[in-house]
Structures are given as C-alpha cells and as structure tokens.
Amino acid sequence: MSNSPDYGSMIESLRQSFASGLTRPLDWRRGQLYALERMLKENEPAISKALVADLAKPEQEVLLGELSLLYAEIRHAQRNLKRWSRARRVFTPMVGQPGRSWVQPEPLGVVLIMGAWNYPVQLVLSPLIPALAAGNCAVIKPSEIAAHTADLMAELIPRYLDSAAVQVVLGAVDETTELLKQRFDHVFYTGGATVGRIVMRAAAEHLTPVTLELGGKSPAVIDSDADLDSAARRLVWGKCLNAGQTCIAPDYVLVQPEQREPLIQAMQQQLEAMYGPDRLASGDYAKIINRRHFDRLRAYLAAGKVVVGGRLDEARERIEPTVLVDVQADDPVMQEEVFGPILPVLTVSGMDEAVAFIRAREKPLAAYLFTKSKQSERRFVDEVSTGNLCINDVLMFMSVPELPFGGVGNSGMGQYHGKAGFDRLSHLKAVMKRSRFPELPVRFAPYSDFKMKLLRWLG
Ligand code: NAD
C-alpha cells in the first residue's frame with residue numbers, strides 16, 4: 001500500500017517487475033487468481049463488515065452483487081487461461097502462402113484500475129482478474145467514498161497478492177490527480193462521466209488507452225402484453241438492490257397508460273412482500289452512501305407526484321423505494337442518472353414512442369424490455385443501442401461471464417468480463433511467419449501486365 005505521492009518510484013518498480021518477466025508464466029497468473037479467491041473466501045466477514053459500514057449493504061447482497069460475481073470470474077479465468085493466452089491461428093490467403101498467421105496475446109504492462117464506491121469490492125477486483133490473467137502488473141485505486149472498504153482492500157491485497165506486481169493507492173482527488181500524471185499502459189476507470197473525461201484527458205498525455213465504465217439512464221419498457229407481476233417483481237428487485245445505487249439499475253420505466261396503475265400496484269405489492277410494511281426499517285435494504293447523495297436524491301422528489309414510498313430517514317441516510325409519476329422529460333430526475341431508489345414511471349403510446357424516446361437520448365449502459373412478443377423483442381434488439389440489453393429481466397446478464405460488459409457512447413468505452421476482459425487488457429499482436437521457399441516473384445519489380453493480371457487473380 002502507498003499513501004505517499006511518490007507514485008513515480010512505485011510504478012517504476014512495477015515496471016521492473018514486469019520487465020523481469022515475473023508476470024509472464026501462466027503458473028504465476030494462476031497462483032495470483034487463486035490467492036485472490038482465497039483472500040475473498042477467508043475474509044468474507046470482514047468484507048461484509050466494511051460494506052455494512054459504508055452502505056449498510058445486506059449480507060446477501062454482498063454475496064450476490066460483489067462476491068459471487070468475482071468467484072465466477074476467477075473460476076472462468078482459471079478454466080480458460082490457457083486457451084485465451086495461446087496463439088490464435090487465422091487464415092492466410094494465397095498471396096501469403098506458404099506461410100502461417102496468428103494472433104499472439106501479450107500483456108500490456110502496468111494497468112491502473114480506478115473503482116467507484118457503489119460496489120467497492122467488485123469494481124476494483126473484477127478488472128484485476130483479467131489484468132492478472134493477461135499477465136499485467138496493476139495499481140488499484142479504490143474509491144475514497146466507500147472508505148471502510150477501500151481501507152480493507154489496502155490491508156488485504158498486499159497480504160495475499162504479489163506486491164512486486166500489485167499495489168494499492170488510497171486517496172481522493174489530489175492523490176488521484178497525481179497518480180494520473182504517471183504513465184500507465186492502460187487505465188481502467190469505473191465511475192461517472194465527468195471524472196471519466198478527466199481520466200481520458202490525463203491518459204491522452206501519454207497516449208495511454210483507456211476503458212471507461214460509466215453510467216447513464218437505463219430504461220425499462222413494459223410492452224402491452226408484458227406479464228406485469230413478473231416485471232414488477234424484477235424491477236423492484238433491480239431498483240432496490242443496493243438502494244438503487246447500481247449502474248445498471250432500471251432508471252425509469254416507460255409504460256402504456258392503461259398498464260400504469262396495474263404496474264404500480266404490482267410494484268407496491270412486491271415491495272411489501274420483499275421489504276415489509278416499513279421499508280426504511282428493513283435490514284434487507286441498503287443506505288444511501290453519504291449526505292451529498294442523500295440530498296441529491298431528495299431534490300428529485302420535487303418533480304411529479306409520489307405514488308409509492310417517498311419517506312426519508314435523514315439521520316440514517318435512507319430513502320424509501322419511491323415511484324414517481326407525472327414527471328416531465330426536462331425535470332432533473334429525467335435529465336441525470338437517478339442512482340438511487342427513485343423510479344419515475346412515464347407513459348408512452350406504444351413501442352414506437354418508447355423506442356423513439358430512448359433513441360432521442362444518450363445511449364444507456366443497459367436497457368430492459370418486458371414482453372411476450374417476438375416482434376417487439378426483435379425490434380428492441382435491432383433498434384435500441386445500449387451497452388447491455390436484457391429481455392424480461394434486469395441485471396441478470398452480469399451472471400454470464402461469456403457476455404462482454406460495458407457501455408457505448410456516453411455510457412462508456414471498452415468491455416470486460418471473461419474473454420472480453422482478457423483481450424481488453426492484452427495486446428493482440430499480429431504475427432506472420434513466411435516460409436523462405438518457394439518465392440512468388442509476382443510482387444517484385446520489374447512490374448508487368450502479366451504480373452498485374454496474376455495479382456488480380458490471386459486477390
Ligand atoms: P466515485 O466518486 O467513487 O469516483 C470514481 C473514481 O474517480 C474514484 O476512484 C475517485 O477517487 C476518482 N475521482 C473522483 N474525482 C476525481 C477527480 N476530480 N480527479 C481524478 N479522479 C477522481 O464514483 P462516481 O463517479 O460517483 O460513480 C458513480 C457513477 O459510476 C455512476 O454514473 C454509475 O453509473 C457509474 N458506475 C458505472 C459502473 C460500470 O460498471 N459501468 C459501475 C459502477 C458505477
């Protein structure tokens with residue numbers, strides 16, 4: 001762990017480790033992944049405790065939203081490491097014959113990983129898994145806003161992982177600004193778009209590639225034939241998980257006028273079933289991270305009309321799951337990502353208007369459609385540009401390691417999870433090997449009509 005701003009020498013020593021070949025052998029990579037798994041397994045109670053201190057995160061949500069995703073990613077990487085890292089043969093056309101061509105993944109070097117506060121374990125360790133699997137060194141910068149978890153990461157990581165290859169830096173804006181002046185081989189950032197721009201600007205100084213895992217307003221569309229009970233149950237779950245502080249939580253709902261009341265009633269019932277009559281007192285419901293975000297969310301309640309919830313507990317920084325109707329598209333709650341347990345429900349005349357509404361805005365990180373219609377499903381998949389898309393559920397694509405995860409446009413750039421993460425944090429080096437004989441003289445001068453014809457024929 002390092003708290004001093006002498007980041008230059010820390011990165012220099014990581015660079016030396018990388019140059020020495022320490023991270024190259026697959027056995028070393030496997031060993032680090034195994035150590036990471038052991039770190040999580042042996043410290044589940046301490047991790048839960050830190051997440052309770054930061055977010056009052058229920059234990060089951062710690063497993064669901066943080067640990068089980070990491071265990072699955074580690075296992076998937078362990079299983080596929082050999083296949084991902086070996087040469088990938090590609091077809092060599094006639095002009096290149098006799099010869100062989102392949103793509104050779106190689107590690108990049110030193111990767112900076114910056115995480116956000118809402119899933120403060122998962123968001124720094126999920127990128128660390130492909131960083132290590134691909135044979136890189138890494139600097140981890142957890143979010144200072146989830147301070148207990150950041151401290152715990154800084155304590156645990158040096159105890160389990162090879163400090164010659166992985167370092168943790170703690171700090172807020174000043175420290176991060178200093179850190180970003182250093183040259184990295186990749187910067188992997190998760191957080192909001194404003195800081196995303198700062199990160200990208202700093203990386204541009206060194207022509208360092210970036211992955212930006214940002215957020216946005218993820219819409220949920222209820223088609224006219226949707227199963228409302230199932231939609232309500234899944235929407236409530238996805239919106240209440242971590243008190244709505246989830247980058248892919250359904251941000252708002254688009255529904256046709258005749259389904260609005262039945263959907264709201266169904267959501268009310270689901271809230272009752274999941275969190276009981278006093279949602280603010282439920283131990284299964286997280287708190288808002290801090291006072292600043294609590295006040296930001298409270299201000300959203302000024303728009304439209306509260307039809308479900310709306311109660312606040314200022315002292316404990318809790319906001320009841322709340323449904324808003326009659327909000328306008330230019331109200332702040334529809335202009336910014338909600339990132340909390342407030343769900344505006346807007347009416348649209350049908351799929352045409354729903355798709356047009358989404359397309360008129362920035363591309364979201366996730367989009368959801370509840371429908372029984374194959375036609376609506378096809379249309380949504382074809383016409384809605386979004387990082388991730390889920391039909392008849394929310395969030396669940398996160399459980400499929402083979403599905404790349406990441407945004408598009410304003411919701412981010414670059415994808416990870418599974419092989420996508422390995423490839424993202426590797427350089428895919430193109431290699432061609434020619435046989436020395438026989439030589440086809442067609443490409444060499446002197447040029448001639450015959451050679452020209454032959455070249456065309458060879459394609
Ligand atoms: P945050 O405040 O924790 O910031 C993220 C990181 O940026 C932290 O490490 C922080 O130290 C650093 N940082 C903050 N200000 C900085 C500055 N001025 N200069 C340099 N570094 C700075 O997180 P946040 O921005 O509040 O995150 C919330 C956003 O993240 C939401 O929009 C959410 O949707 C998005 N998010 C996206 C994903 C994803 O996987 N795509 C996951 C979680 C959150």
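Begin by selecting proline 446, which sits in the loop between β18 (426-434) and α16 (449-458). Helices here are DSSP runs of H or I with at least four residues, strands are runs of E with at least two, and both are numbered from the N terminus. The peptide bond joining alanine 445 and proline 446 is cis, with omega about 0°. The model on the screen is predicted: local features need pLDDT of at least 70, side-chain atom pairs count only at pLDDT 80 or more, and totals for chains, interfaces and linings use all residues. Residues are numbered from 1 along each chain as its sequence is written, and side-chain values use heavy atoms, with hydrogens and water left out.

Next, select proline 98, in the loop between β1 (88-90) and β2 (99-107). Here a cis peptide bond links glutamine 97 to proline 98, and omega is about -10°.

Then move to glutamate 317, in the loop between β11 (312-313) and β12 (318-319). Although glutamate 317 is not a glycine, its phi is positive, at about 50°.

**The ligand**

Select the ligand and the residues around it. Which residues are the closest to the ligand? They are Lys141, Ser143, Glu144, Leu214 and Glu337, within a shell of 26 residues; a residue belongs to this shell if one of its heavy atoms lies within 4 Å of the ligand.

At serine 143, a polar side-chain atom is 2.6 Å from an oxygen atom of the ligand. At glycine 115, a polar backbone atom lies 3.0 Å from a ligand oxygen atom. At glutamate 213, a polar backbone atom is 3.4 Å from a nitrogen atom of the ligand. On its own the ligand has 850 Å² of accessible area, of which the protein covers 90%; such areas come from the Shrake-Rupley method with a 1.4 Å probe.

Colour the shell by element: α7 (173-180), β6 (186-190) and α8 (193-205) are the elements that give two or more residues to it. Colour the shell by domain as well: domain 1 (7-214 + 408-431) and domain 2 (219-400) each contribute at least three residues, with bounds taken from an automatic or database domain assignment. By class, the shell has 14 nonpolar, eight polar and four charged residues. In this scheme Ala, Val, Leu, Ile, Met, Phe, Trp, Tyr, Cys and Pro are nonpolar, Asp, Glu, Lys and Arg are charged, and the others, Gly among them, are polar.

**The second largest pocket**

Now select Leu64, Gly65, Leu69, Leu395 and Met398, the residues nearest the centre of the second largest pocket, whose lining has 23 residues. On a 1 Å grid over the protein atoms alone, a pocket is an open set of points with protein on both sides within 12 Å along at least five of seven lines, while a cavity is a set where a 1.4 Å probe fits but cannot get out; lining residues have an atom within 4 Å of a point. The second largest pocket holds about 390 Å³ of space, a volume being the space filled by probe spheres set on grid points that are joined across faces, edges and corners.

Where does the second largest pocket lie? Domain 1 (7-214 + 408-431) and domain 2 (219-400) both give residues to its lining, so the pocket lies between them. Helix α4 supplies the largest share of this lining, six residues. The lining divides into 15 nonpolar, seven polar and one charged residues.

**The cavities**

There are five cavities of 30 Å³ or more. For the largest cavity, with about 80 Å³ of space, select its lining residues, including Leu235, Met267, Pro321 and Ile342. Which element gives the most to this lining? It is α9, with four residues. The lining of the largest cavity has 10 nonpolar, one polar and one charged residues.

Finally, select Leu180, Phe184, Val199 and His206, which are among the residues lining the second largest cavity. This cavity has about 40 Å³ of space, and α8 gives the most to its lining, with three residues. Its lining comprises six nonpolar, three polar and no charged residues.

How values were computed. Polar contact = N/O pair within 3.5 Å; in protein donor to acceptor, adjacent residues only side chain to side chain.
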